[in-house]
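Dear colleague,

Please find below the structure that I am handing over to you. My notes on it follow directly after.

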Amino acid sequence: MSDPALPFARAAAAGALPPAPPPAGGPDRGEGTRRGFALLAAAGLLWGTSGPAGQSLQAAGVTVLAVACYRLLFAGAVIGGCLALAGRLRRLPRTRGVAVRLLVNGLLHAVFQCCYFASLTQLPVGLATLVKIGSVPVFVAAGICLAARRAPQARLALSVLLAVAGLALLIGFPATAAGAGEIALGMALALGAGLTFAVMTLLNRSPVAGLDPLSNAGLGLLIGGVLLLPAGLAAGMAVPLEPAPAALLVYLGLVPTVFAYLAYFGGVSRASDAGAAVGTLAEPLTAALLSMALLGEEMTAIGAVGGVLLAASMGTDYAAGVRDRRRRRRRRKAA
């Protein structure tokens, strides 16, 4: 599961979103950047395992709503508990702005989880994850350009065009025996997850005084689980009394959620913008490889081209940004 502050959302906004804080200066700057790179890569890899884990739980008989609800509640309770032990919840302002932001984020988390895990019932895990992740830059870019009432910059337009072409190839050439109706429903759900994530990204562009990112994420997850609980109970929250499903639930809540969030927040303040892109690319790549290795899923050659185009769209703006900053540094040195 991704976070609304994921670095590729900054790329989609072509500089409109706040940049990642620069790596700390001093003699250990290179070491800190490498550590940040490793943490973000780990976060992306961990996030990528959530799809196969969720699909395996559903195959064991756990409902979509139960998978989403258990994940949100478990991860939110663990992160919230850690924040409480550290005394950070006591320092959280009791303001209307904080309450509204957490409530809205909780609702969006619940919708996001439901859409994504429901898409896995219709589509291969790798395909659903690629569509979910690849659609976000398009939605974010469209939202920012519409709000600003301006056309996108050239490099943003290129990123969006690559993403749209990649999505079209993935949607048109999935390696699945599902019927056209199932494919259409699965794609709609995956795109719905991407749209929900984009809304979270746009919403959280404006910080709320006193609400730090980890508290925002952890409490948002917990609130999302609580909001989803009545629907989950109505649909059935039963889990087979076997070791494998129970272990998968704990894994889903802990590893690709709690550990991934901690790795992400530990790395985002250290890594360069180019290194931050790894977290984005690692998630769908991990999901695709695991689904092929463990679940026997396949992808057509044309669909694979679509996946490559999506990856290229996510990296285009980063590469351009890194090149621009290097040029500015060279100019300053020359002056």
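This is a predicted model: local features need pLDDT of at least 70, side-chain atom pairs count only at pLDDT 80 or more; totals for chains, interfaces and linings use all residues.

Salt bridge. The structure has one salt bridge. In it, the side chains of aspartate 212 and arginine 88 meet, with an N to O distance of 2.6 Å. Aspartate 212 sits in the loop between α8 (180-203) and α9 (213-235), while arginine 88 belongs to the loop between α4 (64-85) and α5 (96-119), so the contact ties together parts that are 124 residues apart in sequence. Both residues are partly exposed: aspartate 212 has a relative accessible area of 22%, and arginine 88 has a relative accessibility of 29%.

Cysteines. A search of the whole structure gives zero disulfides. For cysteine 114, the closest cysteine sulfur is that of cysteine 115, at 7.1 Å. A disulfide requires the two sulfur atoms to be within 2.5 Å, so this pair is too far apart for a bond. Cysteine 114 is buried, at 16% relative accessible area, and cysteine 115 also counts as buried, at 16% relative accessibility.

Helix α3. This helix spans residues 50-59, and seven of its 10 residues are buried, so the rest of the structure largely encloses it. The buried residues are Ser50, Gly51, Pro52, Ala53, Gly54, Leu57 and Gln58. Just after α3, glycine 61 adopts a positive phi of about 105 degrees.

Yours sincerely

How values were computed. Residues are numbered from 1 along each chain as its sequence is written. Side-chain values use heavy atoms; hydrogens and water are left out. Buried means under 20% relative accessible area, exposed over 50%, partly exposed in between (1.4 Å probe, protein chains only). Helices (H or I, at least four residues) and strands (E, at least two) are DSSP runs, numbered from the N terminus. A salt bridge is a side-chain nitrogen of Lys or Arg within 4 Å of a carboxyl oxygen of Asp or Glu.
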